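Take a look at the model below.

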Amino acid sequence: MIGHAEKAAPFAANEPRAHWHDQALWFVRLKRDRQAESIPEWEALREAAAAIKAHTLSRIADYLEEFERNAHANGIQVHWARDAAEHNAIVHRILADRGITRLVKSKSMLTEECHLNPYLEARGIEVTDTDLGERIVQLRHEPPSHIVLPAIHLKKEDIGELFHKELGTAKDASDPKYLTEAARAHLRQKFMAAQAGLTGVNFAIAETGGFVVCTNEGNADMGTSLPPVHIACMGFEKIVPRAKDLGVFLRLLARSATGQPVTTYTTHFHGPMRGGELHVVIVDNGRSAILGQETFRRSLSCIRCGACMNTCPVFRRSGGYSYGYIVPGPIGSLLAPLRDPSQFASLPFASSLCGSCSDVCPVSIDLHHELYAFRQKLVENKTVPLFKRMAMAVMTYVLARTWAYSLAGRLMRWTMPRLPRALVYGPWNPWGRQRELPPMPRQSFRDLMKHDLNNEEPK
Amino acid sequence: MSSRVEASGRDAILASLRRNAPPASPLPEAPAAIVYDDPEKQFAETFTSVGGRFVCVASLADIDAKLEKLEPYTQARKVASLIPGVGRTIAGVGRTNVDLAALKDPHELEGLDFAIIAGEFGVAENGAVWVAGSALGPQRAIFVVTQHLALVVPADQIVHNMHQAYDRIRFERPGFGLFISGPSKTADIEQALVIGAHGARSCALFLVG
């Protein structure tokens, strides 16, 4: 198993780019702050959102059945998939039964999670991702590195080079406006030729049997208003009880995600387009198992805004690919090991536990507490590498005993200045790779206190 | 996969969700939300900040004159209007030269330069305009396929916040509806904002009254 730190190394090695990434995401975080501050009831709104999600999860089966009933009444066909394989088979069958070979997609992390694109492509279906960032990474044969900003790991020159090769733009052209215009023309052809459109779901409404998709580009709207077949894929946790709950979530989503007051298009689907078909695929794929875990079920409240990534000091400096999972950052560091603890055991440790993620989360998920709890679980289950477990056992022994702690301190103060540098900064000291250890003090804090107290007492 | 497999998948998922559901917790109402001293002014500012162009007019009849000062409109070769009398619809002749009722297929909208659509109400806090599916005419794709868009909203139809917005929306079922807040945009290349991603390259709003 290659851990987070090892995967982050190549990203961190390119210092100017890592710095740019850090700053670009921090800029988004600041925009988010300005929007949050413009709403006096922001904190109450977060609490309401968390409570609505908690309530919904407590009655999730009832709400899904209510959604299904109302969706049927609206002429929407509802499908259920236990796992990724069933999800992919359902989508493929809908397309294959109608002889569809050209599909346009708007952003859907669920379909990334299920690896839908390669599944369909292997069966002769051309799949075009239409969100600009997603199209860029698709043309590069890469996954997105961020759930809201899929191409944030790239510079405009990288994209200019890619578009020159793939779309025939001028050589060395890297102006974002020019490149976006080229992508618009290229993707408009794809929209016009598509036979079906696939979208994710931001919120599904039990009470009305409809759902909402949010985009700034309008790609979901193009893909669902031109071809007659629309397939929308959702994890079951996307459901909200009432239409008025959308007021709470839509006030939080775009402000938290990109620092906008709302997305350009917030589209409500309550039935197929004229003469068309509308399918909703409801997916479990491991989510119901998370629901059963008291400590971690709040991670199912996530509305995929990405705010925890933009604020995370680890994500900003290590990049999305270092997580090795489709949802990176603090929330991904929970969702990934919940899915596969042994493969993703390093992720709960990819955090400083500073709590910034919990502070910005629009649905108040206690992310850093859950990450800490997950670390304990991993250590208990021995899913953590032996070296780390041994180090922790030694630390636990030393920190729990005054004499051992004093002795260790004394030993370090005496030996460290006498050891050759190569020994101190050897491979066993990852902390020292990019940092200098502080100089060893001559005496311990305990000695200092004892000395001062002795000196003061006579007064 | 047969539909029988799907049906059993449905039952298995629901059973698993019931088995794993956490204890009951109450469903809260939204907190008291922001109201503005001058919602119309707040709306105008927000709509402008998201890249939209805000224009006040006294009546519907005044919109044509304002349109004539709007470059995307004066440069447009193909114009469609869904508001009788504005942009001089087919019956009223003038610049409007696309008969939406004659289109057989939404793909025929490609090449449309300018569309004029009625918004039901605006939201002051975020500059969003609610557009009901029925206001989009025979092909709902018009709002996103058109190169440029104009929305027309009555001045007395501005709500303060999204909670008020959902209090008044009555979904057409089956049907369609959306909030539009400014022109289509992206910042996917180096976080540089570019107006005109896939949908309208510009979005003007006429507030009437």
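Val123(B) stands opposite Ala128(B), a residue of strand E5 in chain B. Keep in mind that this is a predicted model. Strand E4 of chain B covers residues 121–123, and it pairs with E5(B) in the antiparallel sense over three bridges. Together E4(B) and E5(B) form a hairpin, with four residues between them. One residue in that turn, Gly127(B), has a positive phi of about 70°.

Now stay with E5(B), residues 128–132. Which way do its side chains point? Ala128(B), Trp130(B) and Ala132(B) point one way. Val129(B) and Val131(B) point the other way. Residues on both sides are buried. Buried here means under 20% relative accessible area. Five of the five residues of E5(B) are buried, so the strand is largely enclosed by the rest of the structure.

E5(B) has another partner. Strand E8 of chain B, residues 175–180, pairs with E5(B) in the antiparallel sense over four bridges. In this pairing, Val129(B) stands opposite Ile180(B).

E8(B) also leads us to the other chain. Strand E9 of chain A, residues 265–270, runs antiparallel to E8(B), and six bridges join the two. His270(A) has Gly175(B) as its bridge partner in E8(B).

Next comes the interface as a whole. How many residues of chain A are in contact with chain B? There are 104, and they touch 76 residues of chain B. The area buried between the chains is about 7400 Å², and carbon and sulfur atoms give 59% of that area. Trp80(A), Arg184(A) and Tyr265(A) supply 10% of what chain A buries against chain B, more than any other three residues.

Polar links cross this interface too. The rule finds 42 residue pairs in polar contact between chain A and chain B. Helix H10 of chain A, residues 176–193, gives ten residues to the side that touches chain B, the largest share. By class, that side of chain A has 52 nonpolar, 26 polar and 26 charged residues.

Charge is the next topic. Side chains of opposite charge can pair when their charged atoms come close. Between chain A and chain B, the count is eleven salt bridges. One of them joins Arg10(B) to Glu65(A), with the closest N and O atoms 3.9 Å apart. Over all chains, the count comes to 33 salt bridges.

Some salt bridges lie within chain A. Arg32(A) and Asp33(A) meet in one, at 2.7 Å from N to O. Are these two residues buried or exposed? Arg32(A) counts as buried because its relative accessibility is 7%. Asp33(A) counts as buried too, at 14%.

Another bridge links Glu113(A) with Arg339(A), whose closest N and O atoms are 3.2 Å apart. This pair ties together distant parts of the chain: Glu113(A) sits in helix H6 and Arg339(A) in helix H16, 226 residues apart. Glu113(A) is buried, with a relative accessible area of 14%. Arg339(A) is partly exposed, at 34%.

A further bridge joins Arg140(A) to Glu142(A), at 3.0 Å between the closest N and O atoms. Arg140(A) is partly exposed at 30%, and Glu142(A) is partly exposed at 22%. Elsewhere, salt bridges share partners: Arg59(A), Asp62(A), Glu65(A), Glu68(A), Arg10(B), Asp11(B) and Arg18(B) are joined into one network.

Key:
Residues are numbered from 1 along each chain as its sequence is written. Chains are lettered from A and ligands numbered from 1 in the order in which they are written. This is a predicted model: local features need pLDDT of at least 70, side-chain atom pairs count only at pLDDT 80 or more; totals for chains, interfaces and linings use all residues. Side-chain values use heavy atoms; hydrogens and water are left out. Buried means under 20% relative accessible area, exposed over 50%, partly exposed in between (1.4 Å probe, protein chains only). Two strands pair if DSSP finds at least two bridges between them. Contact means heavy atoms within 4.5 Å. Buried area is the accessible area (1.4 Å probe) that two parts lose on being put together, summed over both. A salt bridge is a side-chain nitrogen of Lys or Arg within 4 Å of a carboxyl oxygen of Asp or Glu. A polar contact is a pair of N or O atoms within 3.5 Å; within protein, one must be able to donate a hydrogen and the other to accept it, and residues adjacent in sequence count only if both atoms are side-chain atoms. Ala, Val, Leu, Ile, Met, Phe, Trp, Tyr, Cys and Pro count as nonpolar, Asp, Glu, Lys and Arg as charged, and the others, Gly among them, as polar.
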